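Trainee: I am new to this structure and would like a close look at a single part of it. Please take me through that part step by step.

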Amino acid sequence: MEPTHRQITYRLLPVTRTKAKQLERLASTCRFVWNHFLAKQLNDYQFDRCFTDTYGFKPTSTNQPTNFFWLGKEFTALRQRTSWLQDHAFSVVRYTLKYQAIAWRNFFNDTTGDVGMPKFKSRYAEDDGFTNPDQVKIVNGQLYEPKIGWCKLRRRGGNPYPDGTPKQARVIQRHGKWYAVVTYAVAREVLPDDGRVIGVDMNVGQVATSEGELLHQARLDRLRYRKRRYQRMIARRQKGSNRRARAKRKLNRTCAKIANQRRRWAHATSRHIADQAHTVAVEALPVKRMSKSAKGTIAQPGKRVKQKAGLNRSIQETGWGQLRAMLAYKAGRLVTVDPKYTSQRCHVCGHVDNRSRKTQAIFKCVRCGHESNADINAALNIKASATGAAGRGRIEPLGYPMIRQNEPWLSLG
């Protein structure tokens, strides 16, 4: 049976101060290697563009590839002439350039202009760490880091995949604490198809199902108010001061709490939905375009910019993409459908009219008089679009194929 991969996040305990300092030095080394090669690549890229714009053709002397093979060769040469780089594991430090090669590839292959160039890493940035790409050793709840030693792993509930094979371990530092994200190769679970389908309509702060449920997200008003207060506090204090650093740590902890509660709600909601039916139908929402700023330009300024900014913030805090990614591997099958007219169509008679949407929560069809909750009505339309029910034909899912279990990247656009 073909295996699949699952990631589990553990709390990593270095046990001793010496190992903790070694972890920090290794993370700093990986950051140095990233910034060193990025600076060189940016200089070559800017020179190539200037030369091409001036002479009309590309130079051959600085036309160096940005793939992992070439960057790995350059790193080997750098490591041979830099003694302190030899104190750390070769494969761990070199793998940092794998991420940089992927970032350059995404930048050069992007046709929409949404993907920017790779950026330099700061020592104060979150998720600062390194990756152990192969030969991950986990014995008796301990992770072995090359040239560092054994570090304890802690997680409430333990390892949910005791029979899985660890393939990769990403060690990161968040708010002064170390975490290890271990990737396991596990057997692919094939869920039996019971023929049941459930439609899910995603809204700001809640989701509605075709079973008549409204699943609300936990209110985070107190944490959001605290986040804004710390942001104002940071803006008032002098850069580089200890008081500003303390306020920044408090802000980071608050943001982490908000993210954890949002992730916990997404996990609970996706599990509740996946347990009800084998096939889950959702809308192919263009989240990036929906949450785009309305500021506009100087020549054509936008309208109601503050209102749109508040809506964008609410959309991002709900985490539609995160919920859809979790449904992709928890449900037996995930189907994405065209969101066009799902909130304006009556699921009883199929009539489409924007006047039927009386308010944000009430839907009353102007043709047949059917009245129900607007979000539940939309969820029923999503279900009908995925199955071709009610004789209205099936709305093709914008070129998205049927999403099979353990293939979440197909549903993310």
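Predicted model: local features only at pLDDT ≥ 70, side-chain atom pairs only at ≥ 80, totals over all residues.

Mentor: Strand 12 runs over residues 333–337 and is mostly covered, with four of its five residues buried.

Now to helix 4. This helix takes in residues 96–109, which makes 14 residues. At 1.5 Å a residue it should span 20 Å, and its end C-alpha atoms are 21 Å apart, which agrees. The buried residues of helix 4 are Thr-96, Leu-97, Gln-100, Ala-101, Trp-104 and Phe-107. Around the axis they cover an arc of only 135°, and therefore they lie on the same side of helix 4.

Aromatic pairs are the topic here, and a search of the whole structure finds eleven of them. One is formed by Tyr-45 and Trp-104: the ring centres are 6.2 Å apart and the planes stand at 50°, so this pair is tilted. It links distant parts of the chain, since Tyr-45 belongs to helix 1 (residues 17–55) and Trp-104 to helix 4, 59 residues apart. Trp-104 has a relative accessibility of 1%, and so it counts as buried.

Tyr-45 also forms an aromatic pair with Phe-107. Here the centre-to-centre distance is 6.0 Å and the angle between the planes is 75°, an edge-to-face arrangement. Because Tyr-45 lies in helix 1 and Phe-107 in helix 4, this pair ties together parts that are 62 residues apart in sequence. Phe-107 has a relative accessibility of 17%; buried means under 20%, so Phe-107 counts as buried. Taken together, ring pairs link Tyr-45, Trp-104, Phe-107 and Phe-108 into a cluster.

Lys-121 lies over the face of Trp-34, at 4.4 Å from the ring centre. In another case, the charged end of Lys-137 sits over the ring of Tyr-144, 5.3 Å from the centre of that ring.

How values were computed: Residues numbered from 1 in each chain as written. Heavy atoms only, no water. Helix = DSSP H or I, 4+ residues; strand = E, 2+ residues; numbered from the N terminus. Expected span 1.5 Å × (residues − 1). Buried < 20%, exposed > 50% of the residue type's maximum accessible area, 1.4 Å probe, protein only. Arc of directions from axis to C-beta. Phe/Tyr/Trp six-rings, centres within 6.5 Å; stacked < 30°, edge-to-face > 60°. Lys NZ or Arg CZ within 6 Å of the ring centre and 35° of its normal.
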